[in-house]
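Dear colleague,

Please find below the structure that I am handing over to you. My notes on what was found in it follow directly after.

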Amino acid sequence: MKKIIIITGGSGGLGLAIAEQLVRSGRDVLILGRKSEKLDRAARKLNSIAENAEISTLICNIGNETDVRRVGKYLTEHKIVTEYLFNNAGRGLFSKAGTSTAAMIDDVFEANLKGMILLTSEILRITPEKEELTIVNIMSTSALHGRNEETIYCAAKWGARGYTEALRTELKGTKRNIVAVYPGGMKTDFWKVPGQNRDISGFMDPLEVAEKIVNAVLVKDKLLVTDITINRKK
Ligand SMILES: NC(=O)c1ccc[n+]([C@@H]2O[C@H](COP(=O)([O-])OP(=O)(O)OC[C@H]3O[C@@H](n4cnc5c(N)ncnc54)[C@H](OP(=O)(O)O)[C@@H]3O)[C@@H](O)[C@H]2O)c1
């Protein structure tokens with residue numbers, strides 16, 4: 001069986017930065033995203049820096065069950081075992097609490113919560129129990145604190161945190177490891193959404209954040225880093 005590392009939202013921002021860190025150390029990655037041009041661009045970038053690593057891409061809206069099942073089928077048919085799953089894909093939305101609509105809630109919950117649950121479930125279903133699997137859930141410091149004009153986003157990320165904690169409890173004593181990651185603000189396209197005008201010039205470089213996460217998570221010894229909070233120095 002071939003081993004692989006899956007990164008959702010690996011076509012940009014923090015996900016692509018995590019993929020960069022991984023391929024530099026020769027790890028094979030499968031990146032998932034909704035847009036083929038973005039995935040192709042990311043794959044070209046990763047191929048240009050990878051020496052021994054294999055880079056695969058799949059179009060997948062993680063909030064869509066059919067797409068998620070297709071990923072599972074691809075892995076099974078190609079006899080690929082997932083060694084690490086980075087549940088990174090997410091989307092921000094900034095709006096006053098009195099303006100929330102069903103469409104806004106669905107949009108934000110799709111990647112940040114529903115997609116995390118759907119893909120994790122599929123990977124758990126197809127990964128043999130004897131194989132070690134580490135699931136890394138990228139949330140946000142907005143899963144630790146409530147924030148102005150982030151009611152829907154905070155609700156989704158707090159939901160993801162609840163899911164992560166329950167998953168950890170349920171899978172205790174198995175070969176599944178759960179890592180919770182809570183990053184603060186990073187300079188990515190995340191902030192390019194309508195109505196958002198925050199100055200992000202002082203925010204963290206996603207490559208530096210990715211380096212910290214990958215170094216902490218990929219250590220192969222008897223220790224497991226379970227919770228990671230990363231903030232910029234004030
Ligand atoms: N940037 C920050 O300040 C910040 C702070 C704390 C936490 N975070 C969290 O960090 C994670 C990464 O964010 P980022 O800053 O890297 O954002 P980003 O630059 O906007 O990248 C988000 C990635 O997720 C993918 N994506 C979005 N919805 C998806 C879906 N339904 N299915 C599959 N892929 C999807 C996007 O690709 P496609 O558009 O091609 O699908 C893109 O590659 C998110 O979970 C975010 O909530 C970000």
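Asp-107 is partly exposed, with a relative accessible area of 28%. Its partner is Arg-91, and the two side chains meet in a salt bridge with an N to O distance of 2.7 Å. Since Asp-107 belongs to helix H4 (residues 102-126) and Arg-91 to the loop between S4 and H4, the pair ties together parts that are 16 residues apart in sequence. Arg-91 is likewise partly exposed, at 24% relative accessible area. Please bear in mind throughout that this is a predicted model.

A search of the whole structure gives 17 salt bridges. Side chains of opposite charge can pair when their charged atoms come close. Among the pairs found here is that of Arg-198 with Glu-150, whose closest N and O atoms are 3.4 Å apart. Arg-198 sits in the loop between S6 and H6 and Glu-150 in the loop between S5 and H5, so this pair connects parts that are 48 residues apart in sequence.

Arg-168 deserves a paragraph to itself. This residue is found in helix H5 (residues 151-170) and forms a salt bridge with Asp-227, with 3.5 Å between the closest N and O atoms. As Asp-227 lies in strand S7, the pair ties helix H5 to a part of the chain 59 residues away in sequence. Asp-227 is partly exposed, with a relative accessible area of 38%. The side chain of Arg-168 also has polar atoms placed against the backbone: one lies 3.1 Å from the backbone oxygen of Ile-178, and the backbone oxygen of Thr-226 is 2.8 Å from a polar atom of that side chain. Neighbours within four places in sequence aside, Arg-168 is in contact with Ile-178, Val-179, Ala-180, Thr-226 and Asp-227.

The next element is helix H6 (residues 206-217), which has 12 residues and reaches 16 Å from its first C-alpha to its last, close to the 16 Å expected. Which residues of H6 are buried? They are Pro-206, Val-209, Ala-210, Ile-213, Val-214 and Val-217. These residues cover an arc of only 125° around the axis and therefore fall on the same side of H6. They pack against helix H1 (13-24) and against the strands S4 (80-87), S5 (133-138), S6 (176-183) and S7 (227-230). Glu-208, Lys-212 and Asn-215, on the other side of H6, are exposed. The N-terminal end of H6 is capped by Asp-205, which has a side-chain oxygen 2.9 Å from the backbone nitrogen of Leu-207.

Finally, I turn to the ligand. Of the 31 residues around the ligand, those that come nearest are Arg-34, Asn-88, Tyr-153, Met-186 and Thr-188. A polar backbone atom of Met-186 is 2.7 Å from an oxygen atom of the ligand. A backbone N or O atom of Leu-14 also lies 2.7 Å from a ligand oxygen. Lys-35 contributes through its side chain, where an N or O atom is 3.0 Å from an oxygen atom of the ligand.

With kind regards

Notes: Residues are numbered from 1 along each chain as its sequence is written. This is a predicted model: local features need pLDDT of at least 70, side-chain atom pairs count only at pLDDT 80 or more; totals for chains, interfaces and linings use all residues. Side-chain values use heavy atoms; hydrogens and water are left out. Helices (H or I, at least four residues) and strands (E, at least two) are DSSP runs, numbered from the N terminus. The expected span of a helix is 1.5 Å times one less than its number of residues. Buried means under 20% relative accessible area, exposed over 50%, partly exposed in between (1.4 Å probe, protein chains only). The arc is that of the directions from the helix axis to the C-beta atoms. Contact means heavy atoms within 4.5 Å. A polar contact is a pair of N or O atoms within 3.5 Å; within protein, one must be able to donate a hydrogen and the other to accept it, and residues adjacent in sequence count only if both atoms are side-chain atoms. A salt bridge is a side-chain nitrogen of Lys or Arg within 4 Å of a carboxyl oxygen of Asp or Glu. A residue is near a molecule or strand if one of its heavy atoms lies within 4 Å of it.
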